[in-house]
Amino acid sequence: MYYGVVISPCHGQVEKISIKGESRIYEWENLFMIKLESGELEPVQTCLSGEVKSLEVQEGDYVIPGMVLAYIKEDLFVTGSD
């Protein structure tokens, strides 16, 4: 069993969470939107596909670069974009 992590690429506030615990995600879909201090929205994506095991943040939380946003149980099969 392999677990991957989704991490924050920037400082900001979690504006929107597009996934739910135990839901399925696919590579390169928008998972989170982070509102930067400049007011711009930064989408957070990942190269993982699999099942969300836990969300580590909530909407409104302030995040920093490298902070874990979610843990993903990775699929063990090769997808079309690999």
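**Thr46 and its surroundings**

I began at Thr46, where a polar atom of the side chain lies 3.4 Å from the backbone nitrogen of Leu48; a polar contact is a pair of N or O atoms within 3.5 Å, and within protein one must be able to donate a hydrogen and the other to accept it, while residues adjacent in sequence count only if both atoms are side-chain atoms. I kept in mind that this is a predicted model, with local features needing pLDDT of at least 70, side-chain atom pairs counting only at pLDDT 80 or more, and totals for chains, interfaces and linings using all residues. Residues are numbered from 1 along each chain as its sequence is written, and side-chain values use heavy atoms, without hydrogens and water.

I found Thr46 in the loop between strand S5 (41-44) and S6; strands are DSSP runs of E, at least two residues, numbered from the N terminus. Thr46 counts as buried, because its relative accessibility is 8% (buried is under 20%, exposed over 50%, partly exposed in between, with a 1.4 Å probe and protein chains only). Beyond four places in sequence, I see Thr46 in contact (heavy atoms within 4.5 Å) with Val6, Ile25, Glu27, Trp28 and Leu31.

**Glu29**

Next I looked up Glu29, in the loop between S3 and strand S4 (32-35). Glu29 is partly exposed at 28% and touches Arg24, Val44 and Gln45, leaving out residues up to four places away in sequence.

**The sheet**

Last, I traced an open sheet of 4 strands in the order S1-S8-S6-S3, with antiparallel pairing (strands pair if DSSP finds at least two bridges between them). Its edge strands are S1 (3-7) and S3 (24-25).
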